[in-house]
Amino acid sequence: MKNYILILLTSIFLFSCTGNDKFIVKDSIGSLNKVMVVAKISDWTGDVGKEIRNSFSELLVGLPQPEPILTLSQVAPSGFSSMMKANRNLLIISEAENEGFSVKHNLYAQPQTIVYVQGKDDETIIKLLQYHKKDIKKIFIDADIKLTQTVFEKDKLAESQFKTIKNLGISLTIPTTFKLVDDTGEFLWLRQHLLSGIAKTGSNNILVYSIPLEDETKVSENIVTIRDSIGEKYIPGSSEGMHMITEEAFTPYTFDATIDGKKAYETRGKWEVKNDFMAGPFINYFVIDKKNNRVIVFEGFTYAPSVNKRAFVFELEAIAKSMKIK
């Protein structure tokens with residue numbers, strides 16, 4: 001009887017009942033890019049924990065300050081309470097005779113992503129973490145991208161008001177907090193003012209344009225040259241002779257990517273204003289649109305002095321990955 005009551009109370013806590021007798025999992029909690037690790041204290045302080053931190057706490061490239069790709073926290077299985085189970089991203093480490101790696105969604109809350117890694121000993125668990133670390137990072141990041149896009153979808157800009165987006169024949173999920181700076185029909189610049197940092201100033205910016213597709217094999221080689229030419233033409237500084245450029249002291253990182261099922265290049269780096277002191281991180285996507293013999297370019301850049309910038313760049317990444325080419 002006691003066990004039955006415990007199960008009943010747990011069910012009531014985890015679920016709410018609607019008028020048509022459907023059960024809805026409660027809302028999840030937790031910041032973006034944060035993962036709660038469920039593991040024994042001995043594992044967390046030992047070799048297993050070291051491997052988890054090495055695999056998932058590596059620094060995100062292109063940021064002025066060191067910030068990890070994922071922020072990790074830990075709770076022991078004995079402390080994995082109902083409140084802890086509501087965390088949106090969970091990595092659960094356990095010992096079992098049958099080793100395995102699996103993923104479940106919306107088990108205790110929604111949206112929720114749970115990754116399970118289990119093995120018979122520390123060595124087995126560490127090997128699984130090493131083998132699946134890229135998959136695990138992608139699983140959590142993709143889930144947070146999807147969540148961010150869902151939030152933005154609820155209050156997004158009407159694309160029909162922008163000549164450049166209409167002319168390019170694309171769609172993007174951009175929140176209404178972004179305001180128009182420039183829209184020539186070939187080049188779009190939107191800006192979102194940020195209230196952050198010591199100076200209580202800053203902005204997130206979006207640039208959208210296209211270039212002809214001349215030689216697909218050389219697209220990645222020309223990314224910096226093209227973005228610098230766009231900066232000189234469209235992104236001026238406060239005085240004559242000033243404009244946005246790729247920071248000369250920092251080599252950007254370029255990765256293979258996929259946007260709307262099409263081959264793309266993701267570039268992360270730092271921008272600066274020539275002959276001025278303004279600077280910050282950028283994320284850039286060159287999307288190969290073979291059908292229309294062009295490259296669609298989306299760039300997001302952030303200016304937010306004195307504060308961490310991972311969250312701002314992540315929002316720009318989510319907007320970029322919402323792109324659809326009609």
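**Strand pairing.** Strands here are DSSP E runs of at least two residues, and helices are H or I runs of at least four, numbered from the N terminus. I count two strands as paired if DSSP finds at least two bridges between them. Across that pairing, isoleucine 93 has valine 117 in E7 as its bridge partner. E5 also runs parallel to strand E3 (residues 34-38), with three bridges. There, methionine 36 sits opposite leucine 90 of E5.

**Ground rules.** This is a predicted model, so I note that local features need pLDDT of at least 70 and side-chain atom pairs count only at pLDDT 80 or more, while totals for chains, interfaces and linings use all residues. Residues are numbered from 1 along each chain as its sequence is written, and side-chain values use heavy atoms, with hydrogens and water left out.

**Burial of E5.** Is E5 enclosed or open? Five of its seven residues (89-95) are buried, so the strand is largely enclosed by the rest of the structure. Buried means under 20% relative accessible area, exposed over 50%, and partly exposed in between (1.4 Å probe, protein chains only). For the 326 residues of the protein chain, the buried share is 47%.

Back at isoleucine 52, I skipped neighbours within four places in sequence and got contacts (heavy atoms within 4.5 Å) with Val37, Trp44, Ser57, Leu72, Leu91, Ile93 and Leu129.

The largest pocket comes out at about 1100 Å³. Of its 33 lining residues, Lys138, Ile141, Glu266, Glu317 and Lys321 are the closest to its centre. A pocket is an open set of points on a 1 Å grid over the protein atoms alone where a 1.4 Å probe fits, with protein on both sides within 12 Å along at least five of seven lines; lining residues have an atom within 4 Å of a point. The volume is the space filled by probe spheres set on the points. Helix H5 (122-153) gives the most to the lining, 10 residues.
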